[in-house]
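Here's a quick briefing to read alongside the model. Keep the 3D view open and click along as you go.

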Amino acid sequence: MLSLGRLTTVLLVALALAAAVDAKDNAREGYVLVKSNGRNVPGADDEGEVGSGGWRKMKIKDNKNWEEKVADLKSQGFEVEPDWQLQSAVTPNDSAWSSISAAMNKIQAPLAWDIHTGTSTVTVCVIDSGIDLAHPDLVGNLDGTNNHLNAIGGSTIPGTTITGTVGLAANDDNGHGSHCAGTIGGVGNNGKGVAGVSWGVKIIACKFLDASGSGFTSDATDCIKWCRSKGAQITSNSWGGGGSSSSLSTEIGISNAAGHLFIAAAGNANTNIDVTASYPASYPQANVITVGASDANDNRASFSNYGATSVDLFAPGVSIYSTYKSAGYAWLSGTSMATPHVAGAAALLWSLAPQLSAADVKAKLMSSVDRVPGLSTLCVSGGRLNLLKLLQSVAPAPVPVPVPAPVPAPVPVPAHVPAPTPVPAPVPVPAPVPVPVPAPVAGLSVRLVNGPNADSGRLEVLVNGVWGTVCDDQFGSADARVACRQMGKPWTLAVAQRRAFYGQAAASVPILMDDVGCRGSELTLDSCRSAAKISCATGHREDVSVQCLGSAVTSGSVDSVPLLPDSPEDVDEDAKDDKKKGNNGNGNGNGRRMLVV
């Protein structure tokens with residue numbers, strides 16, 4: 001078993017608490033978020049796009065407050081919502097444990113680390129108050145060139161002169177984000193401080209909370225978009241409360257379609273969120289994993305929200321010791337502390353088994369919990385995170401060491417031994433004839449167009465010297481893997497996006513391909529397409545988009561990677577979700593302050 005470094009102790013105890021406040025104080029004054037669809041918004045100046053869902057931040061200029069402006073624009077047919085405020089509230093708590101061992105032993109982390117300790121192939125983006133970018137127990141796992149500031153108040157963090165968007169601009173002046181980062185991926189076995197759940201994970205930060213722990217929905221939404229653009233497969237979101245936001249929900253849905261996980265804190269209001277929704281924990285997308293906080297006795301922490309259909313699992317969240325701002329360490333409690341345990345576990349699993357999809361990772365997190373009586377009716381999985389069981393769900397079983405058979409005692413040979421019976425000479429067995437691998441079929445070239453990077457975009461094919469699009473009726477992730485492998489791009493986790501994810505094909509571009517059921521083992525799209533007939537149904541004659549993800553495995557290793565048929569990727573993921581409770585996601589808030597949790 002790998003050993004941990006000796007812990008140093010700097011004691012700071014805090015408990016994140018929810019507080020109800022007047023809804024009027026719960027949004028950014030002077031601004032609203034509008035989905036204008038190209039229309040001019042009267043009485044407001046456009047300050048730019050928010051996220052990727054068509055929402056824009058508008059500065060009010062006609063002397064109306066945000067409530068009046070929301071009502072005014074709704075009456076004119078605009079889709080509009082407040083720019084909700086997110087804010088932290090912490091109070092001292094005298095209960096503390098002596099080290100991280102209690103929480104880590106509870107989830108059997110030391111035994112799990114004998115299997116795997118994590119690699120930088122998986123990136124977690126901490127959307128929070130930033131990270132102490134010089135912390136000696138974090139710096140080894142930080143991507144120092146990819147850290148971002150979404151400044152509160154439009155351009156700067158109040159009380160500072162920070163206006164940049166990279167590097168030290170994302171440095172933590174609150175401590176909350178650094179604490180979460182240490183639990184996810186504090187450098188392990190380095191003789192100092194703490195060890196995170198995944199010792200080698202790559203961590204990046206998107207700062208949208210200021211020194212007091214306050215931020216806004218528009219900045220959180222932009223952070224999700226930015227994290228996705230930097231290649232983060234997982235976001236850790238230890239904040240929540242307040243009203244529903246269509247702009248934020250839309251951005252989470254875009255990440256869902258791209259195969260990303262959104263790990264969310266359940267909240268600290270001691271509330272059943274099956275009955276009273278809490279956001280972002282209650283958003284319905286399939287990639288949302290909502291985490292409650294458990295205590296040392298595997299009971300629900302007294303402050304933690306719960307919900308038999310709305311909270312997915314629990315993780316340790318009481319008196320958690322981790323990294324803090326200014327190169328320090330601190331004890332904190334809250335669902336904020338439970339959430340990074342699960343984010344780190346997801347990263348550890350994904351680095352051990354990169355062939356898994358986001359849905360696979362979520363399913364394994366849920367199925368490998370310790371089902372304990374105190375949590376059995378309070379969450380979907382009925383239990384608390386177990387890191388060892390999680391890794392054992394994909395790690396090969398140990399090969400037993402053969403035990404030598406006992407040697408029998410010698411048997412006396414009789415005096416007269418009969419002559420041995422002649423044994424016929426063995427018949428030679430012909431050597432097996434290798435099955436030739438079919439060569440790629442010539443005549444079909446593939447490219448990605450209009451995406452944010454070289455590995456994503458609208459899929460186009462070249463047939464007989466003409467570039468055109470692909471019918472999306474049956475094109476799924478298995479087809480996407482074939483296309484990405486054909487282009488020499490990462491392909492083991494490739495996904496086919498929803499129709500028009502990177503823009504509609506021009507009307508003049510023909511549809512040149514319809515597949516007949518690729519299963520992922522073909523070498524090129526040409527070997528599984530229908531060249532004689534394009535059978536796109538009415539209403540489905542759009543382009544298909546592809547995101548190339550995973551590792552670039554050589555074609556000779558194709559058969560070693562388990563690939564299963566995929567259903568079409570043009571199904572609305574929101575319609576399949578079973579977590580949405582009591583809210584239709586239309587932006588009608590419940591008036592509670594949104595809190596760091």
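**Helix H7 and its surroundings**

Helix H7 has 18 residues and spans 26 Å from its first C-alpha to its last, close to the 26 Å expected at 1.5 Å a residue (the expected span being 1.5 Å times one less than the number of residues). Helices (H or I, at least four residues) and strands (E, at least two) are DSSP runs, numbered from the N terminus. This is a predicted model, where local features need pLDDT of at least 70, side-chain atom pairs count only at pLDDT 80 or more, and totals for chains, interfaces and linings use all residues. Residues are numbered from 1 along each chain as its sequence is written, and side-chain values use heavy atoms, with hydrogens and water left out.

**The chain overall**

- There are eleven helices and 26 strands in the chain.
- Of its 597 residues, 53% count as buried (under 20% relative accessible area, with exposed meaning over 50% and partly exposed in between; 1.4 Å probe, protein chains only).
- Take the contacts (heavy atoms within 4.5 Å) between residues at least 6 apart in sequence: 76% of them join residues at least 24 apart.
- The chain's accessible surface is about 24800 Å², and 56% of that belongs to carbon and sulfur atoms (Shrake-Rupley method, 1.4 Å probe; for residues, only the protein chains shown count as cover).

**Cores**

- Back to H7: 17 of its 18 residues are buried, so the helix is largely enclosed by the rest of the structure.
- The largest nonpolar core has 64 residues, and those with the most contacts inside it include Ile131, Val342, Trp350 and Leu365. A nonpolar core here is a set of buried Ala, Val, Leu, Ile, Met, Phe, Trp, Tyr and Cys residues joined through side-chain atoms within 4.5 Å.
- H7 (residues 335-352) gives the most to this core, with ten residues.
- A second, separate core has 22 residues, among them Trp226, Cys227, Tyr279 and Tyr283.
- Not counting residues up to four places away in sequence, Trp350 touches a list that includes Val122, Ile234, Leu261, Leu356, Val361 and Leu493.
- Leu365 sits in helix H8 (residues 358-367) and is buried, at 1% relative accessible area.
- Beyond its neighbours within four places, Leu365 is in contact with Val342, Ala345 and Ala346, among others.

- Strands E16 (residues 320-324) and E17 run antiparallel, joined by five bridges (two strands pair if DSSP finds at least two bridges between them).
- Thr323 stands opposite Tyr329 in E17.
- Three residues separate the two strands of this hairpin, and Ser326 in the turn has a positive phi of about 55°.
- Six of the six residues of E17 (residues 328-333) are buried, so this strand is largely enclosed by the rest of the structure.
- Gly328, Ala330 and Leu332 point one way from E17, while Tyr329, Trp331 and Ser333 point the other way.

**Two buried polar side chains in loops**

- Asn141 is in the loop between strands E7 (123-128) and E8 (142-149), and is buried at 9% relative accessible area.
- A polar atom of the Asn141 side chain lies 2.8 Å from the backbone oxygen of Gly185.
- Gln285 lies in the loop between strands E13 (261-265) and E14 (288-294), and counts as buried at 1% relative accessibility.
- The side chains of Gln285 and Ser249 are joined by a polar contact of 3.0 Å (a pair of N or O atoms within 3.5 Å; within protein, one must be able to donate a hydrogen and the other to accept it, and residues adjacent in sequence count only if both atoms are side-chain atoms).
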